[in-house]
Amino acid sequence: MERYDIAIIGTGPAGLSAAVTAKIRNKTVLLLGSRDLSPKVVKAHAIQNYLGLPNITGAELGAAFQASLDSVGVAVTEDKITAAYNMGDYYALQGADAFYEASTLILATGMIPGKLLPGEEALLGRGVSYCATCDAALYRGKDVAVIGYSAKEEHEAAFLSEIAANVAYFPMYKEIENLPDSVKIITDRPKEITQADGRRQVVTGEGQYAYDGVFILRDSISPGQLVPGLELDGSHVKVDRTMATNLPGCFACGDVVGLPYQYIKSAGEGNVAALSAVQYLDMKKHSP
Ligand SMILES: Cc1cc2nc3c(=O)[nH]c(=O)nc-3n(C[C@H](O)[C@H](O)[C@H](O)COP(=O)(O)OP(=O)(O)OC[C@H]3O[C@@H](n4cnc5c(N)ncnc54)[C@H](O)[C@@H]3O)c2cc1C
């Protein structure tokens, strides 16, 4: 497996800026996220405070970011990372589609809207999963629930329905786009995940539903869940002025490290995080 110099999780301004700088500094870069970049960029109606690009739309800013990526030859690897482990000398990343390795890691995942469901964190890995591709096989012939936060997650529920005996889908958004008939849609809003009689219970305002496994699928995962051992400051990742986290070789930038939530602040921090990762790699190369 190829071991990249720098893996970057997130394709908003922070991650893109980090990728451009790391590539210019001659490092091998794995940029993980979406080819549509960030919805917080491309869906913005009007942006007035991005230096050098006055009065543009989010779509125009997204196109300018893409042009920067193209100019240095960085392509986005479209995958959602469900866990990143500090292996001592490198980071092992588990994606929905593949595994990856990199000597350093830059977290640029933005902020998750909303809170975790009560019980979600405690039951993670014990019947609650964030990754259908990784864990579907554990539920062959069993009953599972999928709590999906956007229509993008429907294909994961469809995939699970090929393996599990029964799949129930709780949409956390308005319009279902494309689910097979084999998936049962339940429109009650989940409020909590509990455990009883060896099964996970999805508790809603209307009642309680029991399953062998519950998949909670969002665009992003809280940073503490994503990288075990990462030190947080409230809901943000704790970093110093070089954007270094408490884990050696792991840096973070953008909204995920704190307020204010702004494009240009995120891009600036992405630049700093990349230069710090480059310095870390060079230091490691020259240390005995
Ligand atoms: C409607 C709207 C308008 C705004 N207008 C302005 C404005 O005019 N001016 C301004 O300065 N700011 C504005 N902002 C704020 C700005 O959008 C954010 O501060 C900025 O996008 C943060 O950049 P980021 O790179 O940190 O994160 P994001 O832009 O949130 O990007 C994070 C990316 O990481 C991806 N990701 C997350 N987790 C994973 C994972 N596990 N695996 C793979 N990929 C992952 C996400 O899908 C996303 O694409 C606006 C925000 C919104 C919502």
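These notes cover the fold, the sheets, the ligand shell and some backbone details of a predicted model.

1. Basis. Residue numbers start from 1 along each chain, following its sequence as written. The model is predicted, and local features need pLDDT of at least 70, side-chain atom pairs count only at pLDDT 80 or more, while totals for chains, interfaces and linings use all residues.

2. Overall form. The protein chain holds eight helices and 17 strands; both are DSSP runs numbered from the N terminus, helices being H or I with at least four residues and strands E with at least two. Its C-alpha trace spans about 55 × 50 × 35 Å along the principal axes.

3. Domains. Domain 1 consists of 3–112 + 220–286, and domain 2 of 120–217; the bounds come from an automatic or database domain assignment. Between the C-alpha centres of domain 1 and domain 2 there are 29 Å. Six residues from domain 1 and five residues from domain 2 make the contact, where two residues are in contact if their C-beta atoms, placed from the backbone, lie within 7 Å. The side of domain 1 that touches domain 2 has two nonpolar, three polar and one charged residues. In this classification Ala, Val, Leu, Ile, Met, Phe, Trp, Tyr, Cys and Pro are nonpolar, Asp, Glu, Lys and Arg are charged, and the others, Gly among them, are polar.

4. Parallel sheet. Five strands form an open sheet in the order β7-β14-β8-β9-β10, with parallel pairing; two strands pair if DSSP finds at least two bridges between them. Strands β8 (residues 143–148) and β9 (residues 166–171) are joined by six bridges, and valine 144 stands opposite valine 167 in β9. Helix α6 (residues 154–161) packs on this sheet and touches β8, β9, β10 and β14 (213–217). The direction of α6 makes about 175° with that of β8; axes are lines fitted to C-alpha atoms, for helices over the stretch in contact, and angles run from 0 to 180 degrees between N-to-C directions.

5. Antiparallel sheet. An open sheet of three strands has the order β11-β12-β13 and antiparallel pairing. Its edges are β11 (190–196) and β13 (208–211), each with a single partner strand, so one side of each has no neighbour in the sheet. From one strand to the next the twist averages 25°. Four bridges link β12 (residues 199–204) with β13, and valine 202 has tyrosine 209 of β13 as its bridge partner. The hairpin of β12 and β13 has three residues between the strands.

6. Ligand shell. Of the 34 residues around the ligand, those that come nearest are Gly10, Gly12, Gly110, Ser220 and Gly254; a residue is near if its C-beta atom, placed from the backbone, lies within 6 Å. Two or more shell residues each come from α1 (13–24), β2 (29–33), α2 (39–42) and α8 (263–286). By class, the shell has 15 nonpolar, 14 polar and five charged residues.

7. Backbone details to check. Leucine 259 and proline 260 are joined by a cis peptide bond with omega about -5°; proline 260 lies in the loop between β17 (250–252) and α8. Asparagine 55 has a positive phi, near 50°, in a residue other than glycine, and lies in the loop between α2 and α3 (58–72).
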